[in-house]
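Hello,

Here is the structure I promised to pass on to you. Please open it alongside this note, and then read on for what turned up in it.

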Amino acid sequence: MFQDKLTPFINRYNEISELLSDPNISSDIKRMTDLSKEQASLSAIVQKAQEYIKTYNAIIENKELISDPELGELAKEELPLLEESLEALQEEIKILMIPKDKNDDKDIYIELRAGAGGDESALFVANVFRMYMRYAEQMRWKVEIVSSSEGTAGGYKELIFQIKGDGVYSKLKYEAGTHRVQRVPDTETQGRVHTSAITVAVIPEVDDVEVDIKPNEIKMDVYRSSGCGGQSVNTTDSAVRLTHIPTGIVVAIQDEKSQHKNRDKAMKILKARVYEQAMQSQLDETSAARKLQVGSGDRSEKIRTYNYPQNRLTDHRIGLTIYALDDVMENGNLKLVVDPLIAHAQAEAISAAGL
């Protein structure tokens, strides 16, 4: 029975409550903190579990009352409502029972890179950045550009920005991959539709405890910043390039005028990339969970297509097609795509867990 699966959660919650009242544990700050966090993580599922058990018992009671001459009609009326409520509670609980991604509450770095398509690809990087900006505004998140490299005809060859806020990674982690755009470029005189692609990387921000990079593992180069077309941005060696020797990961930042600030930014991104690489190596290569992998920018390695002539957006992973591309791109109504992706991931996790 489904309620049997709920018992361990309720028992553990009650056990923690008893432990927290134990004087021997209350003097151990770390143990207290760990137990409090675990109890907080269980509170939602325990609350729903208690509602589920109460509703289930009410259904049993109403079924027994149906034959009662006085209360039978009332019980018969209430029964469908209780059964509907029980089914809804069961689905909510299944989602709560899915193991939580430890990165879900983290802030993120998003890296956009122009791929196949030349200048048009760089212009699309700017369009996608604006889409994420407007979605972030709706979600009340903060966005800060960390590093940028402008395209020769506008847009960006590469753009790295940070998004801070509640549950950022949980919402945007499925954005990683190759995004393909089909549209008529402004420079196209014959009205032909061109196809280009960009890559999106979504990297959770990490702290020093999670990633330990030793000073002797880093090679630092400094050089003069340069802007689009090669013109000098700064007359001092303020740009910084960090290379993580064990992994070969390279981060170069030149947006700040201060070498110190550029180094701090580069170090944060370097740690995040090292963490992401370690996280990638833990994922089964045949698993659909390899959602963070970024392709080479080749248009065939696509997760999503943005077709402007048809006002169509298609996410190929879940077979989702919506004819509201303008709403997504101009208004940042990305929830039209994000919510179905999350729902699909939850359904897959529930199925895998046998719930």
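Helices α1 and α3 are oblique to each other, a word used for angles that are not under 35 degrees (roughly parallel), over 145 (roughly antiparallel) or 65 to 115 (roughly perpendicular). This is a predicted model, in which local features need pLDDT of at least 70 and side-chain atom pairs pLDDT 80 or more, while totals for chains, interfaces and linings use all residues. Residues are numbered from 1 along each chain as its sequence is written, and side-chain values use heavy atoms, leaving out hydrogens and water.

Helix α1 covers residues 2–20 and helix α3 residues 29–65; they pack at an angle of about 140°, with axes 8 Å apart. Axes are lines fitted to C-alpha atoms, for helices over the stretch in contact, and angles run from 0 to 180 degrees between N-to-C directions. Helices (H or I, at least four residues) and strands (E, at least two) are DSSP runs, numbered from the N terminus.

The loop between β7 (239–244) and β8 (249–253) holds G248. G248 is partly exposed, at a relative accessible area of 43% (buried is under 20%, exposed over 50%, partly exposed in between, with a 1.4 Å probe and protein chains only).

**Salt bridges**

The count of salt bridges comes to 18, each being a side-chain nitrogen of Lys or Arg within 4 Å of a carboxyl oxygen of Asp or Glu. One of them joins R183 and E120, with the closest N and O atoms 2.3 Å apart. R183 lies in strand β4 (residues 177–183) and E120 in helix α5 (residues 119–139), so this pair ties together parts 63 residues apart in sequence. Both R183 and E120 are buried.

Have a look at R304 too: its side chain meets that of E175 in a salt bridge (2.8 Å, N to O), and the side chain of D315 meets R304 in another (3.1 Å, N to O). D315 sits in strand β10 (residues 312–315) and R304 in strand β9, 11 residues apart. Both D315 and R304 are buried.

Happy exploring!
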